[in-house]
Amino acid sequence: MDLEFSAAEEGFRAAARGWLAEHVPAEPLPSLETEEGFAAHRVWERTLFDGGWSVVSWPEEYGGRGASLTEWLIFEEEYYAAGAPGRVSQNGISLLAPTLFTHGTREQLARILPPMASGETVWAQAWSEPEAGSDLASLRSTAVRTEGGWLLSGQKTWSSRAAFADWAFGLFRSDPAAGRHRGLTYLMFPLDGDGVTVRPIGRLDGKPAFAEIFLDEVFVPDEDVIGEVGQGWRAAMSTAGNERGLTLRSPGRFMAAAERLVALWREKADPGDTGMRDRVADVWVKARAYQLAGYAAASGKGIDPSMNKIFWSELDIELHETALDLLGAEGELGEGDWAEGWIFSLAGPIYAGTNEIQRDMVAERVLGLPKGR
């Protein structure tokens, strides 16, 4: 693999670094899991959009720069290295948008992508249900045909960003007589529509990072169906692939955090504690390996999405637990970035399909082992 960047890529990196140095807020924004922080992050999304850095890999007609995968990886490295705010629009730009590029219509792309890129419309993911989390195909929420569209009913839960978001996307059973993975339709719906009730769910620190969504015959027009009616599972697997792959959790995020961990070790650690030294070094090496895996993917040598998801989700926990151990009581009692990051990291092995399910998929699809359950 050629690890040298081209002159154009180095120029792209310099432009991104310069813009971020000029525009990243001097003080951290409030947590995006609060109403105040959510609003502040939405303003930041608009700033990124106005500067042309919100969705660098999208075509220019939708607000992007038409950047290559390598350039996107470079931008992500610069973004996180600059300490820029978390992306409140991530469900939309990283999950729904790639699905629309593959399965959406030109009308949907033109209508949905620009306001998504600017932060005017922020999206929530509405997949899990009370008895359909890891086993997504067992969902029971329904889409019933009506004139000009569909009536949605049921309950979604653990919906990321739904407490303050504008729209959501999810799967609904449109043909109850079909098999588990058939008869499902992928739809988009407004969170302030008639018949929609959103009830926030507090995480360990009480912040409403998730919500339950109750739907009572919510009308959705035909133009908000993604892909073919009854073929939602196929489109949903496209979304899941992006959620488990590089798109949702870029290597730049972990490399920047690993560099911060090394700086923390230099500031706080006992030089004689070789055990802690080795833990920090191990985390940094893993982050660097993930970074190189990202560039390998850009050259057409990507790894299985399930393997990718297991790696980054477990690395995220290890990275933050090491930081909290370095901080000692200060880390346990404080509400700084490391503590909030650790709480968030605990959800990583669960969302996007639990790591237990991903290990089953790796065993069957990558290693060719027989089904164990």
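Author: Let's start with helix α9 (residues 305-327) and helix α11 (residues 337-345), whose axes come within 9 Å of each other and cross at roughly 145 degrees. The axes are lines fitted to C-alpha atoms, for helices over the stretch in contact, and the angle between N-to-C directions can run from 0 to 180 degrees. The crossing of α9 past α11 is left-handed, a label used if the near helix is turned anticlockwise from the far one by less than a right angle, with clockwise giving right-handed.

Who does the touching? On the α9 side, the contact is made by D316, I317, L319, H320, E321, A323, L324 and L327, and on the α11 side by W338, A339, G341, W342 and S345. Contact here means heavy atoms within 4.5 Å. Sort those residues by type and you get 8 nonpolar, 3 polar and 2 charged. In that sorting, Ala, Val, Leu, Ile, Met, Phe, Trp, Tyr, Cys and Pro are nonpolar, Asp, Glu, Lys and Arg are charged, and the others, Gly among them, are polar.

Before going further, some ground rules. This is a predicted model, so local features need pLDDT of at least 70 and side-chain atom pairs count only at pLDDT 80 or more, while totals for chains, interfaces and linings use all residues. Residues are numbered from 1 along each chain as its sequence is written, and side-chain values use heavy atoms, with hydrogens and water left out.

Stay on α9 for a moment and find T322, which sits in that helix. T322 counts as buried, at 1% relative accessibility; buried means under 20% relative accessible area, exposed means over 50%, and partly exposed is in between (1.4 Å probe, protein chains only). Skipping neighbours within four places in sequence, T322 is in contact with L261, M276, R279, V280 and V283.

D325 forms a salt bridge with R279, and their closest N and O atoms are 2.9 Å apart. A salt bridge is a side-chain nitrogen of Lys or Arg within 4 Å of a carboxyl oxygen of Asp or Glu. D325 is partly exposed, with a relative accessible area of 43%, and R279 is partly exposed too, at 33%.

By this rule there are 21 salt bridges. One of them joins D166 to R42, with 2.9 Å between the closest N and O atoms. It reaches from the loop between β3 (149-156) and β4 (167-173), where D166 is, to R42 in helix α2 (residues 35-51), 124 residues apart. Another, E107 with R111, is 2.7 Å from N to O. E107 and R111 are 4 residues apart in helix α5 (residues 106-118), which means about one helical turn separates them. R13, R17, E77 and E78 are linked in a network of salt bridges.

Most residues other than glycine have a negative phi. In W158, though, phi is positive, near 50 degrees, and R161 has a positive phi as well, near 70 degrees. W158 is exposed, at 52% relative accessible area, whereas R161 is buried, at 12%.

Now zoom out. The protein has 12 helices and 8 strands, where helices (H or I, at least four residues) and strands (E, at least two) are DSSP runs numbered from the N terminus. Its radius of gyration is 21 Å, close to the 21 Å the globule rule gives for 373 residues, so the protein is as compact as a globular protein of that length. That radius is taken over C-alpha atoms, and the rule is 2.2 Å times the number of residues to the power 0.38. Of the 373 residues, 51% count as buried. Among contacts between residues at least 6 apart in sequence, 73% join residues at least 24 apart.
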